Amino acid sequence: RYYETLLSGEILAPIETDWTYRNFVALEQDVSNSETAKQFFIDNLGTYSGLTLPKQSTEYELGTQKDHRVLEFNDHSAGLAKLAKKLGMPLQSVLLAGHMKVMSLLSGEDHTVTSVTVNGRPEQEGAEQSLGLYLNSLPLAVSLAPSTWSELISNINEIYRQGMSYRRYPLNNIQQALGQDFGEVSFNYTYFHVYGSVDEEIEKQGLEVIDARGFEQTNYGLVINMSQFVGTEGLGLDISFDASLYSAAFIERLGEMYVRVYQSLLADL
């Protein structure tokens, strides 16, 4: 927006001081002292342990993060979107159910735990313009004991809905309360719909986006990134992994497993 303003010869509006992040910190401090929030995670996670996936090493090395895109996953985009509408469930809950199933198959357990990326940005005017790291990771557990896909999706959606009430409760507090480390696997779903209007403005200015790149690194050895493409029902699946912990061959098989699980989900429903 600033770039377009300068191109048009207009004067940039003065930047006002933004106190949104201070408000977020206050909200996080409030929930950090909540016994109700603490008890929710104790009750949900209970005696469940974190995942133990096959690793080629247990030694973490900084700077060994790589990405793998599962191209075949996009073939199921339309079917998964239609299924979410049919069930009256958020698309994220449908995708999270498939992810939980994959993790259960890998671990051989009838339950699974994964950390879900959530956004704690305050619900107030102007907050969408504020810069800052509002993200948190909530470890959530779900039982995959014999149940239908519909039951599993509904159960996961309810657990996630309850967890969102405590989305600002720090991961560190959860791990301390349970004496466990939930930092192996993370699930992240994104839909940056605001890019749609940005693309329209860029086109009006006669500009062309030649390339776009991003970089991130977390303490998670395995990050499952699922995203909805702007302006379409297309879905992307990218696996970000620590190459010092997981082999490329394992990640390749993991991607294939995701495709088969979502195929099974669509076939059963």
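How many salt bridges does a search of the whole structure find?

Guide: The search finds five. A salt bridge here is a side-chain nitrogen of Lys or Arg within 4 Å of a carboxyl oxygen of Asp or Glu. Some ground rules come before the pairs. The model is predicted: local features need pLDDT of at least 70, side-chain atom pairs count only at pLDDT 80 or more, and totals for chains, interfaces and linings use all residues. Residues are numbered from 1 along each chain as its sequence is written, and side-chain values use heavy atoms, with hydrogens and water left out.

Start with Arg-69 and Asp-238. Their side chains meet in a salt bridge at 2.8 Å, N to O. The pair joins distant parts of the chain, 169 residues apart: Arg-69 sits in strand 1 (residues 65–69) and Asp-238 in strand 6 (residues 235–242). Strands (E, at least two residues) and helices (H or I, at least four) are DSSP runs, numbered from the N terminus. Arg-69 is partly exposed, at 47% relative accessible area. Asp-238 is buried, at 17%. The cut-offs are under 20% for buried, over 50% for exposed and partly exposed in between, with a 1.4 Å probe and protein chains only.

Next, Glu-123 and Arg-167. Their salt bridge is 2.7 Å, N to O. This pair also links distant parts of the chain, 44 residues apart. Glu-123 is in the loop between strand 2 (111–119) and strand 3 (135–143), while Arg-167 is in the loop between helix 6 (149–164) and helix 7 (171–178). Glu-123 counts as exposed because its relative accessibility is 63%. Arg-167 counts as buried because its value is 15%. Glu-123 and Arg-167 also belong to a salt-bridge network with Arg-168.

Glu-158 pairs with Arg-161, the closest N and O atoms being 2.6 Å apart. Both lie in helix 6, three residues apart, about one turn of the helix. Glu-158 is partly exposed at 31%. Arg-161 is partly exposed too, at 49%.

Now the packing. Helix 3 (residues 35–45) packs with helix 7 at an angle of about 60°, with axes 10 Å apart. Axes are lines fitted to C-alpha atoms, for helices over the stretch in contact, and angles run from 0 to 180 degrees between N-to-C directions. The two helices are therefore oblique to each other. Under 35 degrees would be roughly parallel, over 145 roughly antiparallel, 65 to 115 roughly perpendicular; the rest is oblique. Helix 3 passes helix 7 in a right-handed crossing; right-handed means that the near helix is turned clockwise from the far one by less than a right angle, left-handed anticlockwise. Lys-38, Phe-41, Ile-42 and Leu-45 of helix 3 meet Ile-174, Ala-177 and Leu-178 of helix 7. Contact means heavy atoms within 4.5 Å. By class, that contact has six nonpolar, no polar and one charged residues. Ala, Val, Leu, Ile, Met, Phe, Trp, Tyr, Cys and Pro count as nonpolar, Asp, Glu, Lys and Arg as charged, the others, Gly among them, as polar.

Thr-20 is buried, at 3% relative accessibility. Beyond its neighbours within four places in sequence, Thr-20 touches Pro-122, Gln-124, Gly-126, Ala-127, Ser-130 and Tyr-134.
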